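Here are my notes on this model, for when you have it open. Could you go through the points in order and keep the structure in view?

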Amino acid sequence: MEDWENVEKDISSQKNPIWLYYMDDENKEIEKKKFYSAFQIEEPLMDQQVSETEMEAMLPYLKHQLVKKQQDQRRQVMSIFDYGKPRMTYFLLAINVLIFLYIEWVGDSTSVETLIQYGAKFNPAIMDGEWWRIATSMFLHIGILHLFMNMFALYYLGTAVEKLYGTWRFAWIYLLSGLFGGVASFMLNPHVAAGASGAIFGLFGALLFFGVQHKQLFFRTMGWNLIFIVILNISFGLLVPQIDNGAHIGGMIGGFIATAVVRLPKQMNRSKQLAALVVFLLLISSMAITGYMGLFNDAKGFSEVQETQELNQSGAYDEVIEITSEALDNPGQYEAALRFNRSFAFLQKGETSAARKDLLRVLELSPEMAEAHYNLALLYQQVGEKEKAADHAKRAADLNPDQKDFKELYNNLR
């Protein structure tokens with residue numbers, strides 16, 4: 001603790017101006033002591049009655065002391081940023097890449113069904129007790145670009161944070177940040193989600209904690225650049241709907257608190273660390289309960305819509321019918337989307353009566369859904385009711401004039 005405080009004092013003293021002025025004998029000793037204290041160098045022992053020539057002879061000594069002090073300060077600062085070696089960062093990079101390659105080998109990393117199968121954050125499964133998904137989703141990525149961006153950020157932030165805090169503190173911060181961000185995503189985001197973003201934003205939180213503890217050193221090194229990058233990332237996330245802001249902001253907050261639990265090397269404070277741990281546990285528990293209750297999103301309904309869309313694409317029509325039929329017992333705001341997905345599965349299985357019933361209900365709930373009009377037109381065409389088919393085809397083409405299939409069907413039926 002003392003070493004860090006001394007570094008801060010040393011750096012602070014460098015910013016203080018040195019004023020040159022003449023003193024009388026009465027104040028000379030007081031001001032001379034202040035001079036030596038400002039530079040934290042030893043005051044030379046000499047007789048008060050020395051001549052000017054002898055005083056000038058002392059200047060090389062004082063210069064040597066100042067240079068030595070400056071070199072010591074530089075070494076101390078460098079030692080702060082080189083406390084640890086980035087071993088865990090490299091290990092995490094390797095693990096994330098290997099898992100991505102395995103997922104691509106056995107399936108498709110952009111497939112919702114594959115992501116759910118291998119541990120993505122899927123709210124209905126979490127609500128059924130699969131809480132382990134909060135952790136496993138940290139190591140899955142959706143496509144090569146997602147992996148590249150996250151690993152690029154992990155390399156630069158991870159090496160900086162691990163050098164600053166050491167390996168075991170870094171591992172703690174990364175893991176808890178990822179868990180905190182994952183639970184925040186569970187609370188706020190109904191989509192299937194995956195990626196190391198929450199843990200990576202936790203590293204931003206760790207650097208911000210360093211800034212709070214050592215303001216001058218922080219702003220003399222990384223400060224404003226880091227703050228700009230954080231603001232830029234959060235702003236970008238708010239503008240792009242597909243980005244999981246819950247995981248990002250939650251991860252950064254979690255990283256700040258997790259860092260307060262372990263603190264910086266040589267700055268242990270048991271009472272503050274215990275308080276930070278209690279805060280972390282209370283917040284993550286509250287978010288988990290809020291997410292389970294669905295206060296901020298209808299997580300289950302949205303995820304079931306997303307899952308059944310994927311299952312329809314893969315041809316698992318029986319599974320779509322089973323999932324949607326169960327979900328429609330309590331559909332919430334997603335009844336139209338669930339019925340539309342089920343109607344598609346019924347159409348593919350040749351159950352036209354059930355499909356028509358679902359589509360008519362979809363149009364009662366959402367009369368502007370062009371896809372429902374189009375599918376109903378196809379259905380009526382299939383059973384020979386061309387007039388009804390033409391009406392729905394026209395409606396689909398009017399609602400979405402850029403869709404060539406809609407226009408082509410209408411022109412064929414006129």
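A quick definition before the points: a salt bridge here is a side-chain nitrogen of Lys or Arg within 4 Å of a carboxyl oxygen of Asp or Glu. Keep in mind that this is a predicted model, where local features need pLDDT of at least 70, side-chain atom pairs count only at pLDDT 80 or more, and totals for chains, interfaces and linings use all residues. Residues are numbered from 1 along each chain as its sequence is written, and side-chain values use heavy atoms, with hydrogens and water left out.

1. Let's start with the charged pairs. The structure holds 11 salt bridges. One of them joins Glu130 to Arg133, with 2.6 Å between the closest N and O atoms. Arg133 counts as buried because its relative accessibility is 6%, while Glu130 is partly exposed at 28%. (Buried means under 20% relative accessible area, exposed over 50%, and partly exposed in between, with a 1.4 Å probe and protein chains only.)

2. Next, have a look at Lys349 and Asp318, a salt bridge whose closest N and O atoms are 2.8 Å apart. This pair links distant parts of the chain: Lys349 sits in helix 18 (residues 335–349) and Asp318 in helix 17 (residues 317–327), 31 residues apart. Helices (H or I, at least four residues) are DSSP runs, numbered from the N terminus. Asp318 is exposed, with a relative accessible area of 53%, and Lys349 is partly exposed at 36%.

3. Lys388 and Glu385 form a salt bridge, with 3.4 Å between the closest N and O atoms. Lys388 is partly exposed at 42% relative accessibility, and so is Glu385 at 28%. Separately, a network of salt bridges links Glu335, Arg339, Arg342, Asp358, Arg361 and Glu364.

4. Which residues form the nonpolar patch on the surface? They are Tyr90, Ile144, Leu145, Phe148, Met149, Phe152, Tyr155 and Tyr156, with about 910 Å² of accessible area together. Patches take residues with over 30% relative accessible area and no salt bridge, joining like charges within 9 Å and nonpolar side chains (Val, Leu, Ile, Met, Phe, Trp, Tyr) within 5 Å. The areas come from the Shrake-Rupley method with a 1.4 Å probe, and for residues only the protein chains shown count as cover. Helix 9 (residues 144–165) gives the largest share of the patch, 7 residues. Phe152, found in helix 9, is partly exposed with a relative accessible area of 46%.

5. Now the rings. Rings of Phe, Tyr and Trp (its six-membered ring) pair if their centres lie within 6.5 Å; planes under 30 degrees apart count as stacked, over 60 as edge-to-face and the rest as tilted. The count by this rule is 13 aromatic pairs. Among them is the edge-to-face pair of Tyr155 and Tyr156, at 5.0 Å centre to centre and 85 degrees between the planes. Ring pairs also tie Tyr90, Phe148, Phe152, Tyr155 and Tyr156 into a cluster.

6. Last, a contact to check. Leu264 lies in the loop between helix 14 (245–262) and helix 15 (270–293). Is Leu264 buried or exposed? Leu264 counts as buried, because its relative accessibility is 0%. The C-alpha atoms of Leu264 and Leu164 are separated by 7.9 Å, although these residues are 100 residues apart along the chain.

Terms used
Helices (H or I, at least four residues) and strands (E, at least two) are DSSP runs, numbered from the N terminus.
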